[in-house]
Structure formats: structure tokens, C-alpha cells
Amino acid sequence: MYTLYGFKGSGSAAAEMGLRVAGLDYRVVNAASWEPGSAVDELRKVNPLVQIPTLVLPGGSVMTESAAILIHLGLVVKPGLLLPADETERAQAIRGLVYIPANCYSCITILDYPERFTSAGDTASLDNVRAGTRERLHKHWDIFADTFTASPFLNGAAPGALDFLAAVVSKWSGSRAHLKESRPAFFELLQRIESHESVAAVFASHWGT
């Protein structure tokens with residue numbers, strides 16, 4: 001059995017979708033550094049960074065980083081299930097899985113903790129950091145939408161790893177509202193992913209939608 005350390009409304013949702021669609025036996029342990037009473041001490045034993053998602057594989061080895069987890073799962077299950085079976089399409093899916101944390105999620109970290117990225121501590125300076133970062137975040141999502149096209153999903157006939165990560169990370173920091181205006185077709189794709197029968201229950205458990 002796989003053990004997934006995560007929490008409601010966090011990036012662990014993407015890993016959980018991957019496990020669910022792959023048909024793998026797993027359990028979820030609620031653990032978050034910001035949530036008193038959760039299994040943080042248990043999480044720290046397997047991941048000293050106390051980051052979620054953290055996935056413990058059946059053999060006991062540990063996987064971290066959402067993209068890495070999804071790529072690993074996609075490579076161990078039936079081709080086409082989480083990653084495209086076609087070599088060229090699979091390469092692009094892996095590219096997209098790395099693009100999201102490198103370009104989009106990295107901006108969210110700055111939005112959440114702007115004081116870590118400037119020596120100026122006044123409110124106006126922090127607000128400027130946030131404003132510039134949010135503009136950058138939205139630009140990165142626009143580029144993603146223009147680069148990775150759906151047919152009808154990013155994974156092909158059904159949602160896969162790239163669909164899950166895009167849908168989860170775009171939930172944060174106003175990205176959905178921006179995409180609704182700037183890239184309506186991509187916004188509609190994200191809604192289709194959320195409502196797909198394979199993962200709708202996971203989305204509902206994390207965001208009540």
C-alpha cells in the first residue's frame with residue numbers, strides 16, 4: 001500500500017488523483033505544518049522538510065514533489081493512463097509537469113511569503129513584490145495554455161497527470177479568474193478536468209466542488 005501525506009486543499013490532491021486513476025491501493029495521512037493536531041511528527045520522520053505531498057512507496061522508499069510523484073506513477077502503471085503512451089506526447093507531458101512547479105507554483109511561494117524575496121520590509125514594498133509576481137504568474141499560465149493543448153484533455157482521451165497538476169495549481173492566487181478572461185478555452189478545460197468522473201470525488205473532498 002502507498003501512504004500519501006497531504007491535507008485538504010493542498011497540492012497533495014494531484015498526487016491523490018494520480019493514485020486513484022492508477023487504481024493503486026493507498027491511504028491518506030492528514031499532515032500539514034500549519035494544521036495543529038495533524039500528523040506532522042509522523043511526516044517529519046519520512047520527510048524532514050515537512051512538505052506535502054510526501055508519498056511512501058510500498059517498498060518503503062519516499063517520493064516528494066508533486067511533479068516527480070506523478071511522473072513516477074505514470075511510468076509504473078499502464079502506458080496512457082497517467083502519461084501518454086506515445087513517446088513524443090509523453091515527453092511533452094513531462095515537460096508540462098516540470099513547467100508548472102518551476103514557473104507557476106514558484107510564483108505562489110513568493111505571493112505567500114514576499115518578505116523572503118526582498119530586503120525591504122515595509123508594506124508598500126511587499127505589495128509591489130506581490131503585484132509583480134502575480135502578473136508574472138498569470139503570464140506563465142497564459143504561456144502554458146498556449147503551449148499545451150487538449151485533445152480533449154492534456155493526456156488525450158481522459159485526464160492524466162498533467163491535467164491533475166494543472167487543475168490543482170491553477171486553483172490558487174487568482175489564476176482561475178485570470179484564465180477565465182484571458183484563456184477561456186483553457187479555463188473550460190480545467191472545469192472539465194474537475195468534473196470528470198475519475199477524479200470528481202477527490203476534487204469535492206478537497207474543495208467541496
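Modeller: We shall discuss the nonpolar cores and then the salt bridges. This is a predicted model, in which local features need pLDDT of at least 70, side-chain atom pairs count only at pLDDT 80 or more, and totals for chains, interfaces and linings use all residues. Residues are numbered from 1 along each chain as its sequence is written, and side-chain values use heavy atoms, with hydrogens and water left out.

Biologist: Which residues touch the most other members of the largest nonpolar core?

Modeller: In soluble globular proteins, nonpolar side chains tend to be buried together. A nonpolar core is a set of buried Ala, Val, Leu, Ile, Met, Phe, Trp, Tyr and Cys residues joined through side-chain atoms within 4.5 Å. Buried means under 20% relative accessible area, exposed over 50%, and partly exposed in between, with a 1.4 Å probe and protein chains only. Here the largest core has 53 residues, and L55, L97, I100, W141 and F144 touch the most other members. Elements that each supply at least two residues of this core include β1 (2-6), α4 (87-112) and α5 (123-147); helices (H or I, at least four residues) and strands (E, at least two) are DSSP runs, numbered from the N terminus. A separate second core of 11 residues includes Y5, A39, L43 and V56.

Biologist: What does F144 touch, leaving aside residues up to four places away in sequence?

Modeller: Contact means heavy atoms within 4.5 Å. By that criterion, F144 touches G96, Y99, I100, L154, L162, A166 and F186.

Biologist: How many salt bridges does a search of the whole structure find?

Modeller: Side chains of opposite charge can pair when their charged atoms come close. A salt bridge is a side-chain nitrogen of Lys or Arg within 4 Å of a carboxyl oxygen of Asp or Glu. The search finds 7. One of them joins D127 and R130, with the closest N and O atoms 3.4 Å apart. These two are 3 residues apart in helix α5, so about one helical turn separates them.

Biologist: Which parts does the pair of R183 and D142 tie together?

Modeller: The closest N and O atoms of R183 and D142 are 3.9 Å apart. R183 lies in the loop between α7 (175-182) and α8, and D142 in helix α5, so the pair ties together parts 41 residues apart in sequence. R183 is partly exposed, at 24% relative accessibility, whereas D142 is buried, at 12%.

Biologist: Are R176 and E194 buried or exposed?

Modeller: Both R176 and E194 are buried. Their salt bridge has its closest N and O atoms 2.7 Å apart, and the pair links helix α7 with helix α8, 18 residues apart. Salt bridges that share partners also join D142, D146 and R183 into one network.
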